[in-house]
Amino acid sequence: MPPAPAFKPHAMDAAEWDARVKLAACYRMVARLGMDDLIYNHISLRVPGHEGQFLLNPYGLLFEEITASSLVKIDIDGRKLDDSPYDINRAAFVIHAAIHKTGHDAACVLHTHSDASVAVSGQEEGLLPLSQFAMRFYRRQAFHDYEGVAIDLDEQARLVADLGPHKVMLMRNHGILTIGRTPGEAFMLLYYFERAARIQLDMQAACASGIKLVLPPHEVCEKAARQFWELQGDILVPGEREWPALMRQLDRADPGYRS
């Protein structure tokens, strides 16, 4: 496998380069938190100002290797739009193109097989309101039943229908999909969901000793969810506060993603 190319693809404008840097940062952050899956999984981002174009990871690179210049630009039919030496994952195209083709508020689409999210995806009710992390997703998580590896185009319509207006979808027995207006929003939704899922699994494991779980009443769960999604008090869109700090942390650790 050749190293990630150290050149800017042709026909690059400032907005696209900025998008590439932020998307590459998102890949690195997922890897730093151990939520990647070798060369698999994928995060896409629409190319600003270019309808029907989005960026995906080069198939064969680890998330920790991805740079702004190595990202592959494709259209919604899966055609490469630059001279990248890399291919893209077929499942990545099927899943991400399906959502980017809709009017959904989906500039960034993030899909992982993060352990806790996969474990919760196989539970009938998905994520339970067992922690404050989970309240954001109370009755605000979609579900898509497992159909095998997502390489069939006819699955696209069902993916979109199951997602509906939601920003988070559990792909049963498979993984999680988060949607953001920015890479920061998609990443933070993944982060908070994964934290909630890990807490849920820890609590459920403790049930083996005979303890009983306590779930807040519906009214309280709904109140908390509305606080998050309606940005009440000093709550902001996920990533608006956290993302700049995470970028600074990444720059201190390894600014190579910017190349």
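Okay, let's start with a pair of strands: β6, residues 168-171, and β7, residues 175-180, run antiparallel and are joined by four bridges. Within that pair, Met-169 sits opposite Leu-177 of β7. Two strands count as paired if DSSP finds at least two bridges between them.

Quick housekeeping. This is a predicted model, where local features need pLDDT of at least 70 and side-chain atom pairs count only at pLDDT 80 or more, while totals for chains, interfaces and linings use all residues. Residues are numbered from 1 along each chain as its sequence is written, and side-chain values use heavy atoms, with hydrogens and water left out.

Now the whole sheet. It's open, has seven strands with mixed pairing, and the order goes β3-β2-β1-β4-β7-β6-β5. At the edges you find β3 and β5 (142-144), each pairing on one side only. On average, neighbouring strands here are turned by 20 degrees against each other, direction ignored. For angles, axes are lines fitted to C-alpha atoms, for helices over the stretch in contact, and the values run from 0 to 180 degrees between N-to-C directions.

So what's going on around β1? Strand β1 covers residues 42-46 and runs antiparallel to β2, with two bridges joining them. Across from Leu-45 you'll see Leu-55 of β2, and Arg-46 has Phe-54 as its bridge partner in β2. β1 also pairs with β4, residues 108-112, antiparallel over four bridges; there, His-42 faces His-111. Four of the five β1 residues are buried, so the strand is largely enclosed by the rest of the structure. Buried here means under 20% relative accessible area, with a 1.4 Å probe and protein chains only.

On to β2, residues 53-56. Gln-53 and Leu-55 point one way, Phe-54 and Leu-56 the other, and all of them are buried.

Last, the helices. α1, residues 14-32, lies across β1, β2, β3 and β4, at about 160 degrees to β1. α2, residues 90-100, lies across β1, β2, β3, β4, β6 and β7, at about 35 degrees to β1. Contact means heavy atoms within 4.5 Å.

Key: Buried means under 20% relative accessible area, exposed over 50%, partly exposed in between (1.4 Å probe, protein chains only).
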